[in-house]
Amino acid sequence: ESTDAKALALGGHKSGKTYSAAMLFCAWNEGEHPTLKRPRGVMQFWIGGPSHDHHTETTRRVYESCFPKLADGRPRAQWHQAQNRYVLFDSTMREVMATFAFKSYEADRDKFQGGDCHGIHLDETPPYDIYSECKPRLWRLGGIMRLTLTPVECLTGGDLWIWAELLSNPDSGCRIFEMQTFKNKGVNQERIREDAALLLREGKTQEYNVRFLGKFDFVDRASVFSRTRIYDQMTRTRQAQRYNISGSNLVQDENGTVWMYEEPQAGALYAVGSDCAEGITGGDANCTRILRRDTLTYVAELHTQSKMHVYAEEALALTRLYNDGRICPENNNMGVTLVDLLRREAYPNVYTREKKATLDDPTTYDLGFKTTPGTKDALINQMVAYFEAGDLTFPDAATLQEMGWFIRVPYA
């Protein structure tokens with residue numbers, strides 16, 4: 001029944017979760033869905049699952065039962081073993097109407113890259129990187145995602161992202177459904193959200209009984225950034241060279257913490273943004289990004305979970321390599337570590353904020369930028385304006401994907 005862009009169905013075994021997703025896609029493809037209009041051309045569907053054996057024994061059989069047949073009972077869908085997909089023909093068996101590709105979570109993430117889809121069905125909990133790779137595949141065609149899973153007695157660490165992205169976040173843009181064998185409405189939903197938030201904040205894989213989830217009804221929200229623009233730039237991302245910082249030099253390393261998309265150019269001017277975190281494993285990452293000012297293109301990034309003082313030294317070293325670019329560190333909280341280093345090193349090219357209590361008072365100066373709800377709103381508005389105008393370019397898919405999830409929450 002649901003036509004939400006993203007929906008999660010929770011239910012016990014044989015409660016109809018997989019069947020509901022298969023019927024939705026098949027009815028849409030046949031033009032028989034009451035509200036979803038079938039697009040022209042061949043429709044593309046992906047079905048992901050824990051393993052190819054899982055597909056063979058369960059999911060594939062469900063989809064087989066949903067595929068339409070010819071008048072004489074022969075199947076209209078043909079299985080192609082080499083490509084792990086069904087090709088569904090029209091009633092004349094001459095025109096291809098749709099393909100249903102079955103993909104395994106055991107495969108590399110790149111198996112879920114490339115191409116646009118009308119529908120993606122992820123059966124049982126997928127790895128987060130596969131889920132995040134699938135989301136932009138739906139944007140251009142206005143596709144639909146269905147997640148179906150049977151909650152076990154306790155969620156494990158591998159399921160933690162489900163809490164963060166869908167269950168504990170009322171602004172995830174996902175509709176949550178309970179199947180008929182998963183009912184328990186007499187629970188305190190506020191307590192559930194608090195417990196889930198605590199679980200995420202502390203990063204523990206402690207037990208949490210998902211039988212007491214209750215019923216959630218979430219509201220769809222759109223990203224502040226245009227998905228059309230995001231998709232356009234996703235098709236033009238570039239491969240980065242990876243390095244580690246050693247003193248004032250870069251050492252090539254395929255797992256390095258520096259992503260370089262363009263080497264420093266003589267005479268070019270660079271702007272540098274820096275956000276310092278606590279350096280806790282599993283927590284937020286430290287990040288420094290280098291922007292070439294004449295092209296408004298990001299050319300390098302330092303992304304690490306090293307301790308604050310180590311990160312500050314690495315951020316300064318990378319900034320010096322890019323022609324002593326003008327650096328703007330956040331001076332809230334942990335950002336003071338980098339601000340203090342810049343002051344001790346007498347680095348000459350730091351963003352400086354001028355302040356006056358009144359017009360008659362003397363001007364005071366602060367190194368760096370203070371992030372508040374007001375200044376963050378202004379920053380995002382300006383970023384949106386540059387991005388919508390096509391003036392701001394991102395070379396990496398990870399940033400563009402995060403921008404696709406960035407929403408504005410009222411009064412927060």
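Select arginine 60 and tryptophan 79 in this predicted model. Arginine 60 sits over the face of the tryptophan 79 ring, 3.7 Å from the ring centre. For a second example, go to arginine 242, which lies over the face of tryptophan 259 at 3.8 Å from the ring centre.

Aromatic pairs number 18 in the structure. One of them joins tryptophan 28 and phenylalanine 45: the ring centres are 6.2 Å apart and the planes stand at 70°, so this pair counts as edge-to-face, a label given to planes over 60 degrees apart.

Colour helix α1 (residues 17–30) and strand β2 (residues 43–49) next. Tryptophan 28 is in α1 and phenylalanine 45 is in β2, so their pairing ties together parts that are 17 residues apart in sequence. Are these two residues buried or exposed? Both tryptophan 28 and phenylalanine 45 are buried.

Now move to helix α8, residues 336–344, and show the side chains of Leu338, Val339, Leu341 and Leu342, which are buried. Because these residues cover an arc of only 160° around the axis, they lie on the same side of α8. In general, an α-helix has 3.6 residues a turn, so residues three or four places apart point the same way.

What do the buried residues of α8 pack against? Show β12 (270–275), α7 (308–321), β15 (326–329) and β17 (364–367) to see their partners.

Key:
Residues numbered from 1 in each chain as written. Predicted model: local features only at pLDDT ≥ 70, side-chain atom pairs only at ≥ 80, totals over all residues. Heavy atoms only, no water. Buried < 20%, exposed > 50% of the residue type's maximum accessible area, 1.4 Å probe, protein only. Helix = DSSP H or I, 4+ residues; strand = E, 2+ residues; numbered from the N terminus. Arc of directions from axis to C-beta. Contact = heavy atoms within 4.5 Å. Phe/Tyr/Trp six-rings, centres within 6.5 Å; stacked < 30°, edge-to-face > 60°. Lys NZ or Arg CZ within 6 Å of the ring centre and 35° of its normal.
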